[in-house]
Amino acid sequence: MDHNEITLNEVLRHTMHDFLNNMYLLQMNLDMGKPEEVRALIKKYSQKCNQFFDLNNIGLYKTNEWLQTFSIKYNQLTLDVQTSLLNRKADKYDDALIDYLNRFVQAIYPHFRGYQEQLLKLHIISDEFLEILIDIRGDWSNNNWQDELTEGLFQLEILEATNNSIKVKLIASGRLE
């Protein structure tokens with residue numbers, strides 16, 4: 001699949017598939033008499049919806065779309081997103097952020113092995129500055145992902161870069177106002 005082109009039908013099909021799976025999971029837990037598990041799942045699904053609206057509210061529309069369609073484009077990689085969004089007006093960073101995330105994932109994606117679980121964790125923070133923490137495990141011995149930055153709008157702080165782990169922090173160059 002071309003990682004840049006995705007149709008509305010593919011998004012809707014994927015969304016409906018996930019929705020049905022989630023409903024079956026809820027029903028299964030209800031049938032097994034596990035109401036606490038049902039409550040936990042509802043909380044998880046609600047948090048995901050809240051993250052979607054929160055990212056839109058701070059102006060990261062394209063980044064939000066990228067995150068929402070991630071599992072369709074990159075099905076060998078599991079995405080875990082956390083948000084701590086206190087400040088708005090991050091829209092001027094949206095294009096640069098989506099560009100960096102695309103290049104980062106496309107640089108590491110060919111190195112995945114189908115038999116290993118791959119997890120990409122993103123934590124998006126908007127307080128005084130917009131910060132994005134990126135954490136991924138795998139085999140990165142032949143990877144030059146860190147050589148490309150995003151038009152000066154972000155500073156890249158490498159927290160860990162080993163043959164098995166990449167942890168970086170993107171920090172917006174200006175304050176959120």
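Helix 3 (residues 61–68) packs against helix 5 at an angle of about 30°, and their axes lie 7 Å apart. That makes the two helices roughly parallel to each other, because angles under 35 degrees count as roughly parallel, over 145 as roughly antiparallel, 65 to 115 as roughly perpendicular and the rest as oblique. Keep in mind that this is a predicted model, where local features need pLDDT of at least 70, side-chain atom pairs count only at pLDDT 80 or more, and totals for chains, interfaces and linings use all residues. Residues are numbered from 1 along each chain as its sequence is written, and side-chain values use heavy atoms, with hydrogens and water left out.

**How the two helices meet**

- Helices here are DSSP runs (H or I, at least four residues), numbered from the N terminus.
- Axes are lines fitted to C-alpha atoms, for helices over the stretch in contact, and angles run from 0 to 180 degrees between N-to-C directions.
- From helix 3, Tyr61, Lys62, Thr63 and Trp66 meet Asp94, Asp95, Leu97, Ile98, Leu101, Asn102 and Val105 in helix 5.
- Sorted by class, this contact has six nonpolar, two polar and three charged residues (Ala, Val, Leu, Ile, Met, Phe, Trp, Tyr, Cys and Pro count as nonpolar, Asp, Glu, Lys and Arg as charged, and the others, Gly among them, as polar).

- Leu101 sits in helix 5 (residues 94–108).
- With 3% relative accessibility, Leu101 counts as buried (buried means under 20% relative accessible area, exposed over 50%, partly exposed in between, with a 1.4 Å probe and protein chains only).
- Setting aside neighbours within four places in sequence, Leu101 is in contact (heavy atoms within 4.5 Å) with Thr63, Trp66, Leu122 and Ile134.
- Leu101 and Trp66 are 35 residues apart in sequence, and their C-alpha atoms are 8.9 Å apart in space.

**Aromatic rings**

- Searching the whole structure turns up five aromatic pairs (rings of Phe, Tyr and Trp, taking its six-membered ring, pair if their centres lie within 6.5 Å; planes under 30 degrees apart count as stacked, over 60 as edge-to-face and the rest as tilted).
- One of them is Phe52 with Phe53, an edge-to-face pair at 5.3 Å centre to centre, with 80° between the planes.
- Phe52 is partly exposed at 31% relative accessibility, and Phe53 is partly exposed at 49%.
- Phe70 and Tyr74 have ring centres 5.1 Å apart and planes at 40°, so that pair is tilted.
- Phe70 is buried at 1% relative accessibility, and Tyr74 is buried at 0%.
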